[in-house]
Amino acid sequence: MTRVAVVDCGTNSIRLLIAEAGPDGSLVELERRTEIVRLGQGVDATEEFHPDALTRTFVATEAYAALVRDAGVPPGRVRFVATSASRDARNREDFFAGIRQRLGVTPEVVSGDTEAALSFAGALSRFDRPVEPVLVVDIGGGSTELILGRPDGGVTAAVSLDIGSVRLTERFLGAAPPAPGAVAAAAAHVDELLAHNGIDFGAVGTWVGVAGTATTLAGVHLGLEHYDRARVHGSLIPLTDLYALFDRLVASTVGEIRALPSMHPGRADVVTAGTLIAVRIADRLGHEGPGQQNTGVDGLRVSESDILDGAALELLHRT
């Protein structure tokens, strides 16, 4: 049976999925790995990859290449998807050359629209009958994708915004805990980008979060001593609890955040910014804030399936 491998390299993490097709055409996961490499370190300010960030990314890619070889994935069935940081960096050819040398493929710097479509397909690949329409949100390190659509009808609206946990931290929230003025400035910046972007937030029936910010918050919300993908997938963070999580994080030091159960140490310094983006989205889904009645979605549903799964499904179904 044909196997495929997909690497997704974002601003904060690099992730690997090795999979094959099941009897019904669904995705059967064989291997999934995540490493925090912070490829986007300083890119927002310098528009270049930092040498240390490239080194970290290449080391992780070498390890992934060994796993791909050991799994027997054919050369033509390997895909490397690069997103926000790679779109912004002037020296991305250095990055491309390093990946080609180690993995044997040229990174695909996907557009925001392509990233959105892959994330939407992947996020819903293991969800049964969500209330439609569905808003899938991928809060990355450098950008945030919002995708509105229906499982059987595809994407109806999608937008990629230049806000992410790393980018927002570097611009506004470098101190931990951040000053109230910095939080207000960051929130105003997020609100400006969320306004008038073509997404009808009032129509949303189900809100699904994918990738690091959403899954990290789910682990903390569930009180997991150790991260458990099976328990995180499909879990619900009620909106009032999401606001409470943000209040807790924004008042904490990085050390206190790092000590939270199931918190990945590589996300501790940026998860507050990612959560700020999440609560500003929540404000637009019929919820006005803590203690107010929610007239929209019931909370943030978390999916462990995301752009990796969408890209793997597309690769499997290529003729």
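This is a predicted model: local features need pLDDT of at least 70, side-chain atom pairs count only at pLDDT 80 or more; totals for chains, interfaces and linings use all residues.

Colleague: How many residues of β6 are buried?

Modeller: Helices (H or I, at least four residues) and strands (E, at least two) are DSSP runs numbered from the N terminus, and β6 covers residues 134-139. The strand is mostly covered, and the number of its residues that are buried is six of six.

Colleague: In which sense do β6 and β7 pair, parallel or antiparallel?

Modeller: Two strands pair if DSSP finds at least two bridges between them, and β6 and β7 (residues 144-150) have six bridges. Val 134 stands opposite Gly 149 in β7, and Leu 135 has Leu 148 as its bridge partner there.

Colleague: Which residue in β9 is the bridge partner of Val 136?

Modeller: β6 also pairs with β9, in the parallel sense and over five bridges. Within β9, the bridge partner of Val 136 is Val 208.

Colleague: Why does Val 136 count as buried, and what is its relative accessible area?

Modeller: Val 136 is found in strand β6, and, leaving aside neighbours within four places in sequence, it is in contact (heavy atoms within 4.5 Å) with residues including Ser 119, Phe 120, Ala 123, Leu 124, Ile 147 and Val 210. Val 136 counts as buried because its relative accessible area is 0%.

Colleague: Which are the edge strands of the sheet?

Modeller: Six strands form an open sheet of mixed pairing, in the order β8-β7-β6-β9-β11-β10. The strands that pair on one side only, and thus form its edges, are β8 (154-161) and β10 (236-238).

Colleague: At about what angle does helix α8 run to β10?

Modeller: Axes are lines fitted to C-alpha atoms, for helices over the stretch in contact, and angles run from 0 to 180 degrees between N-to-C directions. Helix α5 (residues 112-123) lies across β6, β7, β8, β9 (206-210) and β11 (299-303), at about 55 degrees to β7. Helix α8 (residues 211-222) lies across β6, β9, β10 and β11, and its angle to β10 is about 75 degrees.

Colleague: Is Thr 215 buried or exposed?

Modeller: The place of Thr 215 is in helix α8, and, not counting residues up to four places away in sequence, it touches Tyr 227, Val 232, Val 302, Ser 303 and Glu 304. Because its relative accessibility is 9%, Thr 215 counts as buried.

Colleague: Which element supplies the largest share of the lining of the largest pocket?

Modeller: The lining of the largest pocket has 36 residues, of which Ser 13, Arg 15, Thr 34, Gly 212 and Arg 267 lie nearest its centre. At least two lining residues come from each of β2 (13-21), β3 (27-36), β6, α8 and α13 (307-316). The largest share, five residues, comes from α8.

Colleague: Which residues do ring pairs link into a cluster?

Modeller: Rings of Phe, Tyr and Trp (its six-membered ring) pair if their centres lie within 6.5 Å, with planes under 30 degrees apart counted as stacked, over 60 as edge-to-face and the rest as tilted, and by this rule the count comes to three aromatic pairs. Phe 49 and Phe 95 form a tilted pair, 5.3 Å centre to centre with 55 degrees between the planes, and this pair links the loop between α1 (43-46) and α2 (51-70) to helix α4 (residues 92-103). Phe 80 and Phe 95 form an edge-to-face pair, at 5.9 Å and 65 degrees, which joins strand β4 (residues 78-82) to α4 across 15 residues. The residues that ring pairs link into a cluster are Phe 49, Phe 80, Phe 95 and Phe 96.

How values were computed: Residues are numbered from 1 along each chain as its sequence is written. Side-chain values use heavy atoms; hydrogens and water are left out. On a 1 Å grid over the protein atoms alone, a cavity is a set of points where a 1.4 Å probe fits but cannot get out, and a pocket is an open set with protein on both sides within 12 Å along at least five of seven lines; lining residues have an atom within 4 Å of a point. Buried means under 20% relative accessible area, exposed over 50%, partly exposed in between (1.4 Å probe, protein chains only).
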